[in-house]
Amino acid sequence: QVQLAESGGGFVQAGGSLRLSCAASGRTSSNYAMGWFRQAPGKEREFVAAIRWSSGILYSADSVKGRFTISRDNAKNTVYLQMNSLKPEDTDVYYCAVSSKYYSAYYYYKQRSGYDYWGQGTQVTVSP
């Protein structure tokens, strides 16, 4: 089992920045990737960014490229999401997730089904 603890959400004005953190504990030795998703009420949970744990290769959704950056600290088993130039449409609950599966194709790390463990979510609200 892996437990995930997210932090860093909050309220910010458009154009501002926030940094989300997600600390993993438990059986973290078999983690292959960590990712961030977001979800608005009544909508599907959508992929934001992912990072391969060993290589550090990054992936991000087109909607956040150039604004959001995912990073990790292997020693702390923590993944971060630095969010800059925030827009009102970025308002969502953000979830981090861990995948204990290796996929050679990036496609699978963009899917909810590619992940085994999820955090409880942290609210990000961006005002106009």
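Trainee: Why is Glu46 called partly exposed?
Mentor: This is a predicted model, and the label rests on a computed value. Glu46 has 35% relative accessibility. Buried requires under 20%, and exposed requires over 50%. The 35% of Glu46 falls in between, so Glu46 counts as partly exposed.

Trainee: What makes Arg38 and Glu46 a salt bridge?
Mentor: Their side chains meet at 2.6 Å, N to O. The cut-off is 4 Å. The distance of 2.6 Å is within 4 Å, so the pair of Arg38 and Glu46 qualifies.

Trainee: Is Arg38 buried or exposed?
Mentor: Arg38 is buried. Its relative accessible area is 5%, and the limit is under 20%.

Trainee: How many salt bridges does the structure hold?
Mentor: Six. One of them joins Asp62 to Lys65 at 3.3 Å, N to O. That also lies within 4 Å.

Trainee: Why is Asp62 called exposed?
Mentor: Asp62 has a relative accessible area of 67%.

Trainee: What makes Arg67 and Asp90 a salt bridge?
Mentor: The N to O distance is 2.7 Å, within the 4 Å limit.

Trainee: Why does the pair of Arg67 and Asp90 tie together separate parts?
Mentor: Look at the loops. Arg67 lies between strand 6 (58-60) and strand 7. Asp90 lies between strand 8 and strand 9. The two residues are 23 residues apart in sequence, so their bridge ties those parts together. Arg67 is buried at 11%, and Asp90 is buried at 1%. Salt bridges with shared partners join Arg38, Glu46, Arg67, Asp90 and Asp92 into one network.

Trainee: How do you know that Cys22 and Cys96 form a disulfide?
Mentor: Check the sulfur atoms. The S to S distance is 1.9 Å. The cut-off is 2.5 Å, so the pair of Cys22 and Cys96 passes. The structure holds one disulfide. With 45° about the S-S bond, the link is right-handed.

Trainee: Which parts does the pair of Cys22 and Cys96 tie together?
Mentor: Cys22 is in strand 3 (residues 18-26), and Cys96 is in strand 9. They are 74 residues apart in sequence. Cys22 is buried at 0%. Cys96 is buried at 0% as well.

Trainee: Why is the pair of Phe37 and Trp118 called edge-to-face?
Mentor: Take the distance, then the angle. The centres are 5.1 Å apart, within the 6.5 Å needed for a pair. The planes stand at 65°. Over 60 counts as edge-to-face, so Phe37 and Trp118 get that name. By the ring-pair rule there are 11 aromatic pairs.

Trainee: What parts of the chain does the pair of Phe37 and Trp118 link?
Mentor: Distant ones. Phe37 is in strand 4 (residues 33-39), and Trp118 is in strand 10 (residues 117-118). They are 81 residues apart. Phe37 is buried at 0%, whereas Trp118 is partly exposed at 26%. Both belong to one aromatic cluster, whose members include Phe47, Tyr59 and Tyr103.

Trainee: What makes the charge of Arg45 sit over a ring?
Mentor: Its charged end is 3.6 Å from the ring centre of Tyr95. The distance limit is 6 Å. The charged end of Arg45 also sits over the ring of Trp118, 5.0 Å from its centre. Both distances are within 6 Å.

Trainee: Which phi values need a second look?
Mentor: Asn77 and Ser85. Most residues other than glycine have a negative phi. Phi of Asn77 is near 50°, which is positive. Ser85 has a positive phi near 50° too. Asn77 sits in the loop between strand 7 (68-73) and strand 8 (78-83). Ser85 sits in the loop between strand 8 and strand 9 (92-99). Ser85 has 41% relative accessibility and counts as partly exposed.

Trainee: How do you know that strand 7 and strand 8 pair?
Mentor: Count the bridges. Six join strand 7 to strand 8, and pairing needs at least two. The two strands run antiparallel. Arg72 stands opposite Val79 in strand 8.

Trainee: What makes strand 1 and strand 7 edge strands?
Mentor: The open sheet of four strands has the order 1-3-8-7, with antiparallel pairing. Strand 1 (2-7) and strand 7 each pair on one side only. Neighbouring strands of this sheet are turned by 15° against each other on average, direction ignored.

Note on methods. Residues are numbered from 1 along each chain as its sequence is written. This is a predicted model: local features need pLDDT of at least 70, side-chain atom pairs count only at pLDDT 80 or more; totals for chains, interfaces and linings use all residues. Side-chain values use heavy atoms; hydrogens and water are left out. Rings of Phe, Tyr and Trp (its six-membered ring) pair if their centres lie within 6.5 Å; planes under 30 degrees apart count as stacked, over 60 as edge-to-face and the rest as tilted. Buried means under 20% relative accessible area, exposed over 50%, partly exposed in between (1.4 Å probe, protein chains only). A charge sits over a ring if NZ of Lys or CZ of Arg is within 6 Å of the ring centre and within 35 degrees of the ring normal. Axes are lines fitted to C-alpha atoms, for helices over the stretch in contact, and angles run from 0 to 180 degrees between N-to-C directions.
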